[in-house]
Amino acid sequence: MPRTRSLAWSELKLGIVSVTALVLVALLVVAIGGEAGFWAERFPVKSLFTDVQGLKPGAVVWLAGKEVGTVDRVEFSGAQVEVTMELLTSVRPLITDETTASIGSLSLLGEPIVDLKANGRGTPLQDWSYIKVSGSGGPFGDLTETASSSLEQVGQLLTDVRAGKGTLGKLVSDDELYREMTAFIGSAGRVTEGLSRGQGTLGAFLKDPTAYNNFKGALENLQTMTAKINSGEGALGRFLNDEAMGRNLASTFSNLEQATAKMNGNQGTMGKLLTESELYDRLNGTIGRMDAVMARLENGEGTAGLLLRDKQLYESINGAVTEFRSLLADIRRDPKKYLRVSVSIF
């Protein structure tokens, strides 16, 4: 009897350990599977690819970067490859006839996955429906496509350079342009060497401390002048900062504008002169007559013209004036000599 009891207890312990191990395995599977565990509700969908890039059953299915299912089967369907996927029922509203599928990758060197683009618009797909296929996807799909495009562009660029297209292509293939570039670089080197030696105006400015100090002093004087102007010192400073002067200037412009408006409105002498043709004609005629008189004077016509042109007449008048002045002087000295009064009584 004791031996029988020992065997029964051993079997019981073995059963308990086995059940516990199974429970742990199940919990481990659930923990690893997450939402895609064994007890999660799923629905099947399909896609047809021309190239699955090594996709295998059990691969991950992503929806907008989140794991939502796994690949169940990968089989040929004619010239294409049919991929059957099992997705979580919770994402069914996002799997519509507008959703697209593509082959992506978990990393640059990782295993391929199926990447779905969520689209709430459209009609939700039924079980075993086909999801439309787009280009390469996944977080590294676009990077791979961009890298391929960049490599193609680099190849095209190298081809153009070899063919002598563009500036770089001409520089590589055109001997004359190469010689010109070499000469230009040599000239630039000589100019730089001359500057370093202090040759020329710019070289002297770089090497001569006096020129630098003079330039620095000029800048300091300019800063001092600007500070004085900003503080209102001097005529320019007062002009820029004095509000009264600004108001006076504005008033002057206003008065000038009013005067201009009056002249344009035929007001005042200047306005009439600008707008009335009769006054202009009279003034023009007067000026014309004055020109004629001046012309006659220039030609020596008339008394005034003779006086201007005839030297003898001028000297005669000048002599008469001199004699008259002498007579007046004698009269002042001895008036009795010239003024005699006689009274006679009849």
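Which residue of β4 does V74 stand opposite? V74 faces V83 in β4. This is a predicted model, in which local features need pLDDT of at least 70, side-chain atom pairs count only at pLDDT 80 or more, and totals for chains, interfaces and linings use all residues. Residues are numbered from 1 along each chain as its sequence is written, and side-chain values use heavy atoms, with hydrogens and water left out. Helices (H or I, at least four residues) and strands (E, at least two) are DSSP runs, numbered from the N terminus.

**The sheet**

- An open sheet is formed by 8 strands, and its pairing is mixed.
- The strand order is β7-β1-β4-β3-β2-β6-β5-β8.
- β7 (129-130) and β8 (132-133) are the edge strands, and each pairs on one side only.
- Two strands count as paired if DSSP finds at least two bridges between them.

**β3 and β4**

- β3 covers residues 66-77 and β4 covers residues 80-88.
- The two strands pair in the antiparallel sense over 8 bridges.
- Opposite T70 in this pairing stands E86 of β4.
- The hairpin of β3 and β4 has 2 residues between the strands.
- G78 in that hairpin takes a positive phi near 75°.

- β2 spans residues 60-63.
- V60 and W62 point one way from β2, while V61 and L63 point the other way.
- All of these residues are buried, meaning under 20% relative accessible area, against over 50% for exposed and in between for partly exposed (1.4 Å probe, protein chains only).
- With β3, β2 pairs in the antiparallel sense over 4 bridges.
- W62 has E67 in β3 as its bridge partner.
- V61 has G69 in β3 as its bridge partner.
- With β6 (residues 112-117), β2 runs parallel, joined by 3 bridges.
- L63 stands opposite L116 in β6.

**The nonpolar core**

- A nonpolar core is a set of buried Ala, Val, Leu, Ile, Met, Phe, Trp, Tyr and Cys residues joined through side-chain atoms within 4.5 Å.
- The largest such core here has 23 residues.
- Those with the most contacts inside it are V83, M85, L87, I95, V114 and L116.
- Two or more residues each come from β1 (42-49), β2, β3, β4, β5 (100-105) and β6.
- β4 gives the largest share, 5 residues.
- In soluble globular proteins, nonpolar side chains tend to be buried together.

- Q53 is not a glycine, yet its phi is positive, near 55°.
- Q53 sits in the loop between β1 and β2.
- Q53 counts as partly exposed because its relative accessible area is 48%.
- A64 is not a glycine either, and its phi is positive at about 55°.
- A64 lies in the loop between β2 and β3, in a hairpin with 2 residues between the strands.
- A64 counts as exposed because its relative accessibility is 62%.

**Helix α4**

- α4 runs over residues 175-196, which makes 22 residues.
- Its end C-alpha atoms are 31 Å apart, which agrees with the 32 Å it should span at 1.5 Å a residue.
- The expected span is 1.5 Å times one less than the number of residues.
- G198 follows α4, and its phi is positive, near 85°.

**The nonpolar surface patch**

- L236, F239, L240, L249, F253 and L256 make a nonpolar surface patch of about 600 Å².
- Patches are made of residues with over 30% relative accessible area and no salt bridge; like charges are joined within 9 Å, and nonpolar side chains (Val, Leu, Ile, Met, Phe, Trp, Tyr) within 5 Å.
- A salt bridge is a side-chain nitrogen of Lys or Arg within 4 Å of a carboxyl oxygen of Asp or Glu.
- Accessible areas come from the Shrake-Rupley method with a 1.4 Å probe; for residues, only the protein chains shown count as cover.
- α7 (234-241) and α8 (243-264) each supply at least two residues of the patch.
- L240 is placed in α7.
- L240 counts as exposed because its relative accessible area is 55%.

**Helix α9**

- M270 is found in α9 (residues 268-275).
- M270 counts as partly exposed because its relative accessible area is 45%.
- M270 and A259 are 11 residues apart along the chain, and their C-alpha atoms are separated by 9.7 Å.
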